[in-house]
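Dear colleague,

Please find below the structure that I am passing on to you. My findings follow directly after it.

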Amino acid sequence: REKEGLPKEIIANLAHIYGSRCRDILDLTREDERGKSRITADGPDIIAQIWHAVKEESCLTVSDFMLRRSGLCFRKDQGLNAVHVVADEMKAMLRWGQQEYDRQVSEYAETAALARKFKHA
């Protein structure tokens, strides 16, 4: 059964990451329905998590969001299929130019590559 117009898996993910503060994320989805959109088609993380991280947690880099504010880095693809969605939202909120956007995406891709190298070593 869905709550707040979100599937159980998304609510469970929010509760796991944020505990009682998951209400803050749900409030953002009420303010803007787009916040309910999944960051990736098959994952439980949603756009409102990015908004919350930037607005409330002083998250200023894609790597910070991917590694510390979501479970995206732990996915099989290490979140690489989500990096542009995250960067797009952060670019709009933090008013990045294209050069900064590209740097943020590249920096996370390098971090993910290092993790893959370490994992397979």
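In this predicted model, the buried residues of α3 are Ile-47, Ala-48, Gln-49, Ile-50, Trp-51, His-52, Ala-53, Val-54 and Glu-57. Helix α3 spans residues 47–57 and is thus mostly covered, with nine of its eleven residues buried. The elements that cover these buried residues include α1 (8–18), α2 (22–31), α4 (62–69) and α5 (83–94). Just after α3, Ser-58 adopts a positive phi of about 55°.

The largest nonpolar core holds 33 residues, and those touching the most other members are Leu-14, Ile-39, Val-62, Phe-65, Met-66, Val-86 and Met-90. At least two core residues come from each of α1, α2, α3, α4, α5 and α6 (98–119). Helix α3 provides the largest share, six residues. In soluble globular proteins, nonpolar side chains tend to be buried together.

Leaving aside residues up to four places away in sequence, Met-90 touches Ile-50, Val-54, Cys-59, Leu-60, Thr-61, Val-62, Phe-65, Arg-95 and Trp-96.

A further point concerns the loop between α2 and α3, where Thr-40 lies. Is Thr-40 buried or exposed? Its relative accessibility is 5%; buried means under 20%, so Thr-40 counts as buried. The side chain of Thr-40 reaches the backbone nitrogen of Gly-43 at 3.2 Å. Residues up to four places away in sequence not being counted, Thr-40 touches Arg-75, Asn-81 and Ala-82.

Yours sincerely

Methods. Residues are numbered from 1 along each chain as its sequence is written. This is a predicted model: local features need pLDDT of at least 70, side-chain atom pairs count only at pLDDT 80 or more; totals for chains, interfaces and linings use all residues. Side-chain values use heavy atoms; hydrogens and water are left out. Buried means under 20% relative accessible area, exposed over 50%, partly exposed in between (1.4 Å probe, protein chains only). Helices (H or I, at least four residues) and strands (E, at least two) are DSSP runs, numbered from the N terminus. Contact means heavy atoms within 4.5 Å. A polar contact is a pair of N or O atoms within 3.5 Å; within protein, one must be able to donate a hydrogen and the other to accept it, and residues adjacent in sequence count only if both atoms are side-chain atoms. A nonpolar core is a set of buried Ala, Val, Leu, Ile, Met, Phe, Trp, Tyr and Cys residues joined through side-chain atoms within 4.5 Å.
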